[in-house]
Structure formats: C-alpha cells, structure tokens
Amino acid sequence: MALRDIFKFRELPESETTKPFLEHLEDLRWTVVKMAITLVIAMIICFAFRSLLVRVMQAPLQEVGSQIGTLKALGVTDSLVISFHLAFYAGIVLSFPLLLYFLAEFVLPALTAMEKRFVLPAIFASFGLFLLGVIFCYYWLLPKTILFFFRDTESLGWAPTWTVQQYYSFVTRFTIGFGLAFELPVVVLALVRFGLLTYQFMARTRPYAIVLIFILATIITPTPDVMTLIAMGLPMYLLYESCIWIAWFIERRRARSAAG
C-alpha cells in the first residue's frame, strides 16, 4: 500500500481512468530508459569534444597563472578515464532540460489541470537556475577557491603539484554541486504550490533549515575546509531566505484571490 501511495501521488479526477500499479511501474521503467538513453547520447556528443572540455575546465587555473605549471597525469589510463568523467558531467548539463521533461512526463498524469500549467515554466526555471549556479561557480567562485588553496599550500612551504584526477574531481563536483544547490527555490516553491509547505512553517523552522543547509553543503563540497563550506552554504541560505518571501507573496496573492 505504501508503494501504491508513492506512485499514485494524488487521487485522480473521476473522469480519468486510474492505471493499475504495474502499469505505473512500466511507465517508470520507460522513463528511466529514456533518461538513460538521453544521457548516453549527450555523453557521446560531449566526449567527441573532450579537448574543448579540457581547455574549458582548466581555464580557472589562469587565475593562479603559470606558477602551478602543468597538471600531472599519474595513471596510465588517466586521459581516457577523466575524459569519460568529463563527458558524464557535461552530458548532465547538456541533457538537463530533457531529463527534467521526462521526469515531469511521468508525474503529469497524477497532476491536476491547474498544476500541469506550471510544469513547463518550472522546467525552464529549473534549468535556468541550474545554469546560473554553474556559471556563478565557474566564473567567480571556482577561480578564487583554486587561488586560495594554491596560496594556502605555499604558505605551508609546500610546492602545489596537482594531478589531473584530483583537479577534475574537485572542479566537476564543486561546479555541478553548486548548480544543483541553485535548484532549491524550485523545490521549495513546488512544495508551497502543492500546499506541502507554508510561509509560516518555513519562517518558524528557519534555524533548523540553516543547519540542514550547511549539512547539505558539507556533503556536496569536495573538500572539508571552512572557506569552501561557507562559499557553498551562504548562497544556499540566501536562496532559501528568498524562498520564504516568495512563499509569503504566493500565499498572500492566493488569499486575495479567494477573498475576491
């Protein structure tokens, strides 16, 4: 019964035919298949441009300049393994709108006609926020973070010698994690729209939300230092704070519509 409730999501109108539980599982299977095929195609396209991806990902090193020299490849298969990793993460960015669309397509039958109107705008908003987070991280935060670690290493009397595997693991996780962190407003506002969250509840539980945000930032950040944690957690908190006021605006407009 619990699984039925999860896949059912909501009681459908009487005019619609309720699908059997196994048909929901079949729909879910095809959704996963379509998302996997889309991601693989995007990965193949990105892998074909791996030289360009490498130049793009190493661009933030220019903030440090020539002091660091070149990245060191210690593994025999590093060139191929890292190329696949880059293609995977770049494929996620490239196929993100389609992945969201396929996911929404699975949920759509369980939504009311009023809620379906907000699906496409929510997809575009999600992709826009994701790109905003990636771009913000790549152009502003990432170069400063790399420079900070470079100077911190030098202050201890060590020579910064970074491997390609360590560098690309840090950059991809940091950038993608920041893009996903910017999805917070869409998630919160969707919950507000469906009546699962209210302005009063969000305002009352703000201290707990701050703790959870920084715990999430600790999980997402590729390094455990305080500076990176603050750099990830502070924008997430500001996004959450903005969500509280947007939720207040939505509830106020809903109350006015009901009164009118």
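What follows is a working chat about a predicted model of a protein chain.

Biologist: What's the overall make-up here, how many helices and strands?

Modeller: This is a predicted model, and its protein chain has 11 helices and zero strands, so the pattern read along the sequence is simply α-α-α-α-α-α-α-α-α-α-α.

Biologist: And how much of the chain is buried?

Modeller: Of the 260 residues in the protein chain, buried ones make up 37%. The chain exposes about 15,900 Å², and carbon and sulfur atoms supply 70% of that area. As for contacts with a separation of 6 or more, 82% of them join residues 24 or more positions apart.

Biologist: Where is confidence lowest, and where is it highest?

Modeller: By helix, the mean pLDDT is lowest in helix H1 (residues 2-8), at 40, and highest in helix H3 (residues 50-58), at 90. The protein chain averages 79, with 82% of the residues scoring at least 70.

Biologist: What about residues 1-17, how many contacts does the model have there?

Modeller: Over residues 1-17 the pLDDT stays under 50, and the model has 20 contacts beyond four places in sequence for that stretch.

Biologist: Changing topic, is Ala42 buried or exposed?

Modeller: Ala42 counts as buried because its relative accessibility is 4%, which is under the 20% cut-off. Ala42 has its place in helix H2, which spans residues 21-48.

Biologist: Which residues does Ala42 touch?

Modeller: Leaving aside residues up to four places away in sequence, Ala42 touches Gly91, Leu94 and Ser95.

Biologist: One more, where does Glu183 lie, and why is it called buried?

Modeller: Glu183 lies in the loop between helix H7 (164-181) and helix H8 (184-193). Glu183 is called buried because its relative accessible area is 11%, and the cut-off for that word is under 20%.

Biologist: What does the side chain of Glu183 have a polar atom 3.2 Å from?

Modeller: A polar atom of the Glu183 side chain lies 3.2 Å from the backbone nitrogen of Phe130. Phe130 is also among the residues that Glu183 touches, together with Phe96, Ser126 and Leu129, again not counting residues up to four places away in sequence.

Technical notes. Residues are numbered from 1 along each chain as its sequence is written. This is a predicted model: local features need pLDDT of at least 70, side-chain atom pairs count only at pLDDT 80 or more; totals for chains, interfaces and linings use all residues. Side-chain values use heavy atoms; hydrogens and water are left out. Helices (H or I, at least four residues) and strands (E, at least two) are DSSP runs, numbered from the N terminus. Buried means under 20% relative accessible area, exposed over 50%, partly exposed in between (1.4 Å probe, protein chains only). Contact means heavy atoms within 4.5 Å. Accessible areas come from the Shrake-Rupley method with a 1.4 Å probe; for residues, only the protein chains shown count as cover. pLDDT is the predictor's confidence in each residue, from 0 to 100. A polar contact is a pair of N or O atoms within 3.5 Å; within protein, one must be able to donate a hydrogen and the other to accept it, and residues adjacent in sequence count only if both atoms are side-chain atoms.
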